[in-house]
Amino acid sequence: LGDVMWIIKTEDDSEIVVDYIIERKNVPDLLSSMKDGRYVHSSASKFIFFLCIIYRYLEQKFRLKKCGVTNIIYLVEGPMDPIQAEGLDTQLIQTQIYDGMFVKRTQHENETTKYLTQMHTLLASKPPDEICTEFRFDSFQTNMTKSKLTLSDLFAKQLMRIQGISPAKAYAIVQKYCTPYQLVK
């Protein structure tokens with residue numbers, strides 16, 4: 001659940017979930033899958049395909065809202081053609097107003113990286129009691145994921161979202177640096 005979240009390690013080695021989670025969506029991939037004619041031939045099929053996309057979008061928002069983290073950021077990365085983006089913009093406005101999630105738009109990976117760095121700096125500057133939830137990471141993970149992943153597994157999944165990072169490269173990085181913190185340290 002979510003693409004980015006922060007964990008604070010306590011003195012007793014417990015891992016506590018920070019009260020911020022980011023779900024990242026790539027606009028070009030989303031828009032290309034919506035307009036890909038290879039899988040959708042009739043207007044009825046297009047409507048059903050659109051409903052499937054909306055259902056996944058709504059189901060994911062529901063899971064984010066019930067996870068217990070109160071600061072949910074919906075990060076939308078990539079340029080949008082004004083004509084293609086009309087329906088998507090409506091969904092993003094609804095996400096912000098009705099679902100109470102902050103929607104952050106970035107134009108490209110560099111801007112996303114800059115935003116994530118700023119978020120990390122901001123959170124690192126705050127005392128843990130101001131930003132932590134009551135959830136231990138292992139409990140949070142058990143309750144919110146379909147399969148049990150380690151922190152290293154999650155880091156590998158994050159690395160593979162970067163263009164040019166294959167599963168083999170992600171595995172090599174995770175073998176040497178188990179977490180993002182260890183990589184930047």
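Select Arg136 to begin: with a relative accessibility of 39%, Arg136 counts as partly exposed, a class that lies between buried (under 20% relative accessible area) and exposed (over 50%), as found with a 1.4 Å probe and protein chains only. The model is predicted, so that local features need pLDDT of at least 70 and side-chain atom pairs count only at pLDDT 80 or more, while totals for chains, interfaces and linings use all residues. Residues are numbered from 1 along each chain as its sequence is written, and side-chain values use heavy atoms, with hydrogens and water left out.

**The salt bridges**

Show Asp138 beside Arg136: their side chains meet in a salt bridge, at 3.4 Å from N to O, where the term requires a side-chain nitrogen of Lys or Arg within 4 Å of a carboxyl oxygen of Asp or Glu. Asp138, at 33% relative accessibility, counts as partly exposed.

How many salt bridges does a search of the whole structure find? The search finds 3. For another of them, select Arg24 and Glu77, whose side chains come to 2.8 Å, N to O. This pair links distant parts of the chain, with Arg24 in strand β2 and Glu77 in strand β3, 53 residues apart; strands (E, at least two residues) and helices (H or I, at least four) are DSSP runs, numbered from the N terminus. Arg24 counts as buried at 13% relative accessibility, and Glu77 counts as buried at 4%.

Lys25 is partly exposed, with a relative accessible area of 26%, whereas Glu23 is buried at 4% relative accessibility.

**The whole chain**

Zoom out and colour by secondary structure: the chain has 9 helices and 5 strands, and from the N terminus on its elements run β-β-α-α-β-α-β-α-α-β-α-α-α-α. Of its 185 residues, 34% are buried. Among the contacts (heavy atoms within 4.5 Å) with a separation of 6 or more, 64% are between residues 24 or more positions apart. The accessible surface, calculated by the Shrake-Rupley method with a 1.4 Å probe, comes to about 11900 Å², and 57% of it belongs to carbon and sulfur atoms.

**Helix α4 and its cover**

Select residues 109-124, helix α4, whose 16 residues reach 22 Å from the first C-alpha to the last, close to the 22 Å expected at 1.5 Å a residue; the expected span is 1.5 Å times one less than the number of residues. Which residues of α4 are buried? They are Thr112, Tyr115, Met119 and Leu123, and seen down the axis of α4 they fall within an arc of 70°, so they line one face of the helix. The arc is taken over the directions from the helix axis to the C-beta atoms. An α-helix has 3.6 residues a turn, so residues three or four places apart point the same way.

To see what covers the buried residues of α4, display elements including β1 (4-9), β2 (15-26), β3 (71-77), β4 (102-106) and α5 (128-131).

**A patch at the surface**

Select Ile93, Ile97 and Tyr98, which make a nonpolar surface patch of about 390 Å². Patches are made of residues with over 30% relative accessible area and no salt bridge, like charges being joined within 9 Å and nonpolar side chains (Val, Leu, Ile, Met, Phe, Trp, Tyr) within 5 Å. Ile97 lies in helix α3, residues 86-97, and counts as exposed at 59% relative accessibility.

Move to residues 137-144, helix α6, where Phe137, Phe140, Gln141 and Met144 are the buried residues. These fall within an arc of 100° when seen down the axis of α6, so they line one face of the helix, while Thr142 and Asn143 are the exposed residues on the face turned away from it.

Next, select residues 151-160, helix α7, in which Ser152, Phe155, Ala156 and Leu159 are buried. Down the axis of α7 these residues also span an arc within 100°, so they line one face of the helix, and they pack against α8 and α9.

End on Thr179, in the loop between α8 (167-176) and α9 (180-184). Thr179 counts as buried at 16% relative accessibility, and it touches Leu151 and Phe155, leaving aside residues up to four places away in sequence.
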